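Please keep the sequence and the structure in view while reading.

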Amino acid sequence: MDKYISTFNQIQDQFKLLEENPIELPQIVVVGSQSSGKSSVLESLVQRSFLPRGGGIVTRCPLILQLHHCPNNDARRYENGVPATGEWAEFPKVPGKIFKMEQVCVEIQRETVELAGPGKNICNDPITVKIFSPKCTGLDSSRPTWNHQALFHVEALAFLQVPVDGQPDDISQQIEQLILSYIQRPLSIILAIVAANVDMVTNDCLRIAREVDPRRSTNARCGH
């Protein structure tokens, strides 16, 4: 199975360059309100701090995170010319370049401005980052060949209630439609992030997750 998943990954990368996506694979979609802890969850999986942070709306494009478990001295390290130990990242929009983990945040910010502009507007086009690390998990850690597999996470934009800094009046509707475009896919697993001081009964991300498919179990994490 790991051989087929690796092939699917390569095919998906090629079709993304053509702005097409004919192959659907299971993916975890992380949704939540602004500053609810979405980035912290993703960083805990990678075990490194690498995502942009700040006040207001920071994530303005969907972020597709592809995790590759790559042990130290793995053969892929020598094929790609990367260090024999540690982790690195790759961005499909910058083919052939190896990024150190401390460079990932800057590249995400650069691609965000390129896609969504320098203001606070959003863009439906995703930013894809591939993390190769001996620390992060793969698709199925129970299998002995899991080091050649990848796990997809999609961080959608945060739910937003009030437009700011010249955003259009319908910005909240735009964000909700963007989130729906990911969580409505049959193979999507919804990971709803809820801050500990928020009423779960009235939470937007839980509401929309239940509306999409009330039969599907929804995981919630209480942030700090």
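## Lysine 97 and its surroundings

Apart from neighbours within four places in sequence, K97 is in contact with A89 and E90, where contact means heavy atoms within 4.5 Å. K97 lies in the loop between strand 3 (88-90) and helix 4 (101-116). Helices (H or I, at least four residues) and strands (E, at least two) are DSSP runs, numbered from the N terminus.

K97 is partly exposed, with a relative accessible area of 41%. Buried stands for under 20% relative accessible area and exposed for over 50%, with partly exposed in between (1.4 Å probe, protein chains only).

## Basis of the model

The model is predicted: local features need pLDDT of at least 70, side-chain atom pairs count only at pLDDT 80 or more, and totals for chains, interfaces and linings use all residues. Residues are numbered from 1 along each chain as its sequence is written, and side-chain values use heavy atoms, leaving out hydrogens and water.

## The chain as a whole

The chain holds six helices and seven strands. Along the sequence they follow the pattern α-β-α-β-α-β-α-β-β-α-β-α-β. The chain has 224 residues, of which 46% count as buried.

Among contacts between residues at least 6 apart in sequence, 69% join residues at least 24 apart. The accessible surface of the chain is about 11600 Å², and 53% of this belongs to carbon and sulfur atoms; such areas come from the Shrake-Rupley method with a 1.4 Å probe, and for residues only the protein chains shown count as cover.

## Paired strands

Two strands pair if DSSP finds at least two bridges between them. Strand 1 (residues 27-32) pairs with strand 6 (residues 188-195) in the parallel sense over six bridges, and V30 has L191 of strand 6 as its bridge partner. Seven of the eight residues of strand 6 are buried.

Strand 2 (residues 63-69) and strand 4 (residues 127-133) run parallel and are joined by seven bridges, with Q66 opposite K130 in strand 4. In a regular strand the side chains alternate between the two faces of the sheet. In strand 2, L63, L65, L67 and H69 point one way and I64, Q66 and H68 the other way, and all are buried.

## Helix 2

Helix 2 (residues 38-46) has K38, S39, V41, L42, E43 and V46 as its buried residues. Q47 follows helix 2 and has a positive phi, near 65°.
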